[in-house]
Amino acid sequence: MYGMLRGLWSYRGFVLSSIRNEFVTRFARSRLGGLWMIVNPLAQVAIYALILSNVLAAKLPGITNTYGYAIYLMAGSLAWNLFSEIINRYLNLFIEHGNLMKKMSFPRITLPVIVVGSSLLNNALLLVAMLLVFALLGQMPSLLLLWLIPLTMAVVALGVGIGLILGVLNVFIRDVGQVVPILLQILFWFTPIVYPATIIPSYLRGTMDLNPMFSIVSAYHDVLVYAKAPDLGEIWLTATISVCLMIIGLFMFRRAAPEMVDAL
Amino acid sequence: MSLLNVTNLGKAYRTYASEFQRIATWFYLPSKPSEEHWVLKDINFSIEPGEAIGIVGQNGAGKSTLLKMITGTLQPTVGSIHVGGRIAAILELGMGFNPELTGRQNVFHAAGLMGFTTAQIEGAMPDIEAFAEIGEYFDETVRTYSSGMQMRVAFAVATAFRPEILIVDEALSVGDSYFQHKSFERIREFQEQGTSLLIVSHDRGAIQKLCDRAILLEGGTVIKDGKPEEVMDYYNALISEKENATVTVQQLADGSVQTVSGTREATIESVSLHNQSGQVVEYVSVGDAVSLRVTAKVNEAIPELVIGYLIKDRLGQPVFGTNTHFMDCKIVNPVPGEAVEYRFNFDANLGVGSYSVAVALHADDNHVARNYEWRDLALVFNVVNSSKKEFVGLAWMQPTVEINR
């Protein structure tokens, strides 16, 4: 583990320049360039808002803003986007870089770290864009936004943990790469992003609590929609699980790394 | 202290009945692989600073696996590799280049991948730009490059910092000849400063020109480690080896090693060099008319008999070679038991030095498909200059001079 960190530190320049390169290449040869990273999720929010606002908006308790539902959607997708981006990229990370890993000797840990950096950058830009939209819709930012820092870290830990485990498994069992997008889709609909948590029937609540993204997304809602501090009790549990998953993921990554090159 | 020590190295690819058993091993659960495929075993060698070693072997002999373990991308299953310095590999030039980035940005990325810090790369950037010699293209996106330009940048960055060990693939024969010379020059400079070279190639010339030692891999083990000439002769014999073929290696009186291989369906009885008056000679004067006489014996029914010879200089570099296939005088369906004498008459327009002659009996235009007998160092002769003005080099090409002033 110490060797991993030392390798990462000596390659810090490479990690930073890779994150910048990923960002720069997004701008290459397209008019709006990096704006598409923001336009895409916002367009999705707009579509949901347009179609579902009449059905679901009335069910948002404690919201006076007429655009409350749109804000609710955006808050949830901010968390979900980061989570699904990390998992989707990790899933094929080692397969995509198989050739590089076979030919060049460099600390493998840089690959997942670059993805985290790049996803965080995207997420920050999305947050800025959303805050602008919030302001337009009459929801002003407050100091509560600072809560997003630990919340984002929890999402990253959860995403890295699950993503690393799945990414490593996918090298050896390629079915993983096919089944995960389906599972992610299911998880998306089992997380209160599009609909308020209150419409979930009580007999399902126990099952929903097993979803670690449930408490994180709820916390995002608390901070961004209801302007209140999140429920620490649930967040602690999720954060602990996330960190455990991350440790398992890193452990598997480290153990599997030598064989990974053989299998690629 | 050696620069590189490879001890009892072995690599096995493991197959498990189910991938879940493989996963179980990560968690230290006992599970046995259903199959172990050893691609390399018991590899032992070491490299001293400044040495140049050629690694030869047929496809699948384990060359790439060995190099990957030395560079550190593959982990050995058993044994160890101890490296006393930085290793750079010119194996896949342009690996990881992003076509949407400029040459300069790609240099940053590639050098970063090699483990250099931003400050180090910035310091080396002017040198890299100057070495690549692609002018303003250096700040254009790589997708606008020709493949040659991309190779130039890739080579410049791969050799921007002198490594302790440089691994060179035969694929280095890319780019125009000007840049090839330039890259070889740089490799030579590195070697003079103490860099060890590991060269993978099938090209006999390159190995003998650059290396002072060669290692022959076959079936995952080192079967020969020695002087490039000796190893290449053995390799040559090996690639023509057939089921009932034999390879014999014997030490000659002067300490050099002779390799004889082939199926023995036809054999070389005698090889000798004669002067104009028919006497056997060992010393030949520059420009003398000589005759190389080879007697071959046909032992079994064979479709055709072609004889070829190759004159090599003292370093083993080919000077001249031909065969009766090229000269349109091969013998079709020779009778078993027949003895054929060949006389190759030529003028010894060679520079001063020692030369060896390899003789081969085979079918078609080369010895790979059907090799009856291949005999390296069948004959050694010396060229002396007794009648001509002094000159240097391998060939005698006396010019006439016109001076206009």
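Ala395(B) lies in the segment that follows strand S20 (371-384) of chain B, strands being DSSP runs of E with at least two residues and helices runs of H or I with at least four, numbered from the N terminus. The structure is a predicted model, in which local features need pLDDT of at least 70 and side-chain atom pairs count only at pLDDT 80 or more, while totals for chains, interfaces and linings use all residues. Residues are numbered from 1 along each chain as its sequence is written, and chains are lettered from A and ligands numbered from 1 in the order in which they are written.

Ala395(B) is exposed because 11 other C-beta atoms lie within 10 Å; 12 or fewer count as exposed, 20 or more as buried and values in between as partly exposed, with C-beta atoms placed from the backbone.

Contacts, here C-beta atoms placed from the backbone and lying within 7 Å, are listed below for two residues.

| Residue | Contacts, leaving aside residues up to four places away in sequence |
|---|---|
| Ala395(B) | Asn349(B), Leu350(B), Gly351(B) |
| Tyr220(A) | Ala75(A), Gly76(A), Leu78(A), Ala79(A), Leu151(A) |

Tyr220(A), together with Val157(B) and Ile199(B), has the most contacts inside the largest nonpolar core, a set of 163 residues. Such a core consists of buried Ala, Val, Leu, Ile, Met, Phe, Trp, Tyr and Cys residues joined through C-beta atoms within 7 Å. Helix H4 (residues 68-96) of chain A supplies the largest share of this core, 18 residues.

Val157(B) also takes part in a helix pair. Ile128(B), Phe131(B) and Ala132(B) of H4(B) meet Arg152(B), Val153(B), Ala156(B) and Val157(B) of H5(B). This contact comprises 6 nonpolar residues, no polar residues and 1 charged residue, where Ala, Val, Leu, Ile, Met, Phe, Trp, Tyr, Cys and Pro count as nonpolar, Asp, Glu, Lys and Arg as charged, and the others, Gly among them, as polar. The axes of H4 (residues 118-132) and H5 (residues 147-158) of chain B come within 8 Å and cross at roughly 140 degrees. H4(B) is therefore oblique to H5(B).

Between the chains, 25 residues of chain B are in contact with 25 residues of chain A. On the chain B side, helices H1 (19-26), H2 (63-71) and H3 (103-113) each give two or more residues, and H3(B) gives the most, with 5 residues. The residues on this side divide into 8 nonpolar, 12 polar and 5 charged.

Terms used. Axes fitted to C-alpha atoms, helices over the stretch in contact; angles between N-to-C directions. Parallel < 35°, antiparallel > 145°, perpendicular 65-115°, else oblique.
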